[in-house]
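Subject: Structure for your study

Dear colleague,

Please find below the structure that I promised to hand over. My notes on it follow.

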Amino acid sequence: MTDSPASRESTIHPTTVPDADWWRQAVVYQVYPRSFADANADGIGDLPGVTSRVPYLRRLGVDAVWLSPFYPSPLADGGYDVADYRDVDPRLGTLDDFDEMVTALHAAGIKVVVDIVPNHTSSEHEWFRDAVASEPGSAVRARYVFRDGLGDGGDTPPSTWVSNFGGGAWTRLHRPDGTPEQWYLHLFAPEQPDLDWSNPEVRADFETTLRFWSDRGVDGFRVDVAHGLAKDLTEPLRDAAERHVLPVDGSDPLYDRDEVHTIFEGWRRVFDEYDPPRTAVAEAWVQPERVPLYARPTELGQAFNFALTRADFDADQFRTIIAATLEQAAVSGATSTWVLSNHDVVRHATRYGLPKGQDLDAFVLSDGRRPTLNPDAGLRRARAATLLMLALPGSAYVYQGEELGLFEVADLQPDDVQDPVWTRTGHRRKGRDGSRVPLPWDTTEPALGFGDHAPHLPQPEWFEDLAVSVQDDEDESTLSIYRRALALRRELQRGETLRWADGAPDDVVHFARHDGWHSLTNFGGGPVDLPTGARVLASSEPLDDTLGGVTEVPGETTVWFSVV
């Protein structure tokens with residue numbers, strides 16, 4: 001293999017990272033608060049629960065914690081339906097609890113990133129309640145997207161736009177006496193009405209929210225549906241493209257419009273009011289060539305790249321994605337982001353254990369079908385992919401529980417499912433609850449150390465075998481591998497580029513980093529040789545050194561090494 005332009009070393013990251021640049025090479029641990037730790041024994045994780053686990057996070061070795069929404073919410077979409085952007089859901093704690101959590105994390109040297117959900121509010125938000133109670137054309141309705149229906153009596157939705165959760169994207173209001181009224185837009189659940197970001201009042205209020213949390217010590221923001229804020233609402237409303245074929249010219253009426261960048265330029269001015277500036281990362285499901293626009297230093301500064309969440313355990317796919325992602329980062333001046341699992345996708349230990357082409361979400365819970373999973377292969381591949389990811393330049397995002405080797409919980413009963421995707425698709429898609437089941441901390445009942453009450457999503461029996469307490473003292477457990485890798489990464493991570501190794505076999509991804517250390521992942525089934533003089537630094541699986549030194553890498557294994 002030859003060097004790609006993105007892989008040629010040109011920028012050396014300083015040994016001492018300035019505080020303003022902490023995010024460029026950070027390991028960020030995503031906490032889904034309702035499923036992390038329950039301190040008040042109600043079955044729901046909370047902010048005091050997060051605080052109680054700060055020693056665990058510090059020992060794990062992460063640089064930052066990203067909290068999924070903890071705001072007041074009716075939970076129509078797991079907290080992503082926000083009723084008040086400047087408070088804490090009473091079930092999860094108080095603002096004082098939030099402050100205590102931030103203080104504890106900062107004292108442990110861990111930054112704090114919070115989710116911000118700007119595309120839509122909850123239908124229980126004060127603004128939307130006021131809009132429903134007001135007349136068409138009022139100023140309070142102008143904060144949202146309300147339109148008259150088409151046809152006689154306005155019975156037809158204003159456009160053919162569809163919801164990401166299934167079904168139409170418009171819901172009609174009715175007056176208390178049952179008289180039909182206008183329609184409002186929701187690109188997600190009906191309980192999540194879309195805001196109209198052409199309204200200056202909406203823009204000003206969110207900038208107030210950014211300052212509110214920044215003033216409380218928040219170091220950065222993860223921006224939900226960053227590509228969906230600006231919409232072309234010119235009438236007649238145009239049809240929208242399918243999300244997977246979004247145009248690259250910013251012309252889709254709903255997603256990735258060029259106007260969205262003026263919003264984030266305003267956010268950057270807010271971030272830069274602070275010393276150090278607050279950071280942000282965009283969740284933008286857009287065409288690859290459009291990702292750098294969100295990551296520009298004049299805007300959010302970084303954007304997620306989700307390509308690895310959709311890749312098979314395949315050397316060519318990983319190699320191609322790595323090269324393209326580094327090139328995108330070079331265009332924007334940001335660093336790359338690497339993600340294998342999060343709260344919205346099937347856990348990667350499960351993905352890698354399924355036969356290629358098998359979609360876990362296609363299995364209907366109520367009909368008794370179950371996926372064909374090879375757990376041994378899935379976990380082995382997941383550990384190898386993780387060690388590869390952690391060797392890459394840029395930010396690595398780790399989802400809670402992946403350090404335990406957790407699999408997707410595929411056998412939830414229909415009555416337990418909470419995700420609106422389940423109901424909105426007529427029980428055809430199971431949704432995302434399988435990756436959101438509360439963590440197993442130990443082997444005690446009723447919730448495996450999560451708390452003293454049965455958890456809001458049931459834990460399967462096999463969770464007990466993967467509990468933190470079970471893995472804590474096992475040298476080759478997945479948890480121990482993560483801890484060693486994160487500690488070593490902190491020591492080794494320099495520079496923001498890599499150099500591809502020459503002559504690597506097709507089923508091997510091999511690159512060198514600054515100061516000459518290497519990462520080699522064998523995606524194949526048989527062993528491959530290590531270079532002469534290689535000194536192993538870390539591995540995703542135990543290695544055979546019976547001959548007085550490690551000379552080969554077994555199949556589906558990643559090794560970090562230096563060459564003496």
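Does alanine 41 count as buried, partly exposed or exposed? Alanine 41 counts as partly exposed, because its relative accessibility is 34%; buried means under 20% relative accessible area, exposed over 50%, and partly exposed in between, with a 1.4 Å probe and protein chains only.

Before going further, please note that this is a predicted model, in which local features need pLDDT of at least 70 and side-chain atom pairs count only at pLDDT 80 or more, while totals for chains, interfaces and linings use all residues. Residues are numbered from 1 along each chain as its sequence is written, and side-chain values use heavy atoms, with hydrogens and water left out.

Most residues other than glycine have a negative phi, and most peptide bonds are trans. Alanine 41, which is not a glycine, has a positive phi of about 60°. Its place is in the loop between β1 (27-31) and α1 (47-52); helices (H or I, at least four residues) and strands (E, at least two) are DSSP runs, numbered from the N terminus. Valine 225 also has a positive phi, near 45°, and lies in the loop between β7 and α6. Valine 225 counts as buried, because its relative accessibility is 4%.

Cis peptide bonds, with omega about 0°, join glutamate 235 to proline 236 and aspartate 275 to proline 276. Proline 236 lies in the loop between β7 (220-223) and α6 (260-271), whereas proline 276 is in the loop between α6 and β8 (279-282).

Two helices side by side

The axes of helix α10 (residues 375-391) and helix α13 (residues 478-492) come within 10 Å and cross at roughly 10°. Axes are lines fitted to C-alpha atoms, for helices over the stretch in contact, and angles run from 0 to 180 degrees between N-to-C directions. The crossing makes α10 roughly parallel to α13 (angles under 35 degrees count as roughly parallel, over 145 as roughly antiparallel, 65 to 115 as roughly perpendicular and the rest as oblique).

Among the residues of α10 that meet α13 are Leu379, Arg383 and Leu387, and their counterparts in α13 include Ile481, Tyr482 and Leu486; contact means heavy atoms within 4.5 Å. Twelve of the 17 residues of α10 are buried, so this helix is largely enclosed by the rest of the structure. In α13, eleven of the 15 residues are buried.

Glycine 405 is in the loop between β10 (395-399) and α11 (420-424). Leaving aside neighbours within four places in sequence, glycine 405 is in contact with Ala349, Leu379, Leu466 and Thr478. At 3% relative accessibility, glycine 405 counts as buried.

The sheet

An open sheet of five strands has the order β11-β12-β13-β17-β15, with antiparallel pairing; two strands pair if DSSP finds at least two bridges between them. The edges are β11 (499-500) and β15 (534-539), each with a single partner strand, so one side of each is left without a neighbour in the sheet. Two bridges join β11 to the antiparallel strand β12 (residues 508-512), and tryptophan 500 stands opposite phenylalanine 511 in β12.

Helix α8 (residues 315-332) lies across β11 and β12, at about 35° to β12. Helix α10 lies across β12, β13 (518-522), β15 and β17 (557-563), at about 35° to β17.

Yours sincerely
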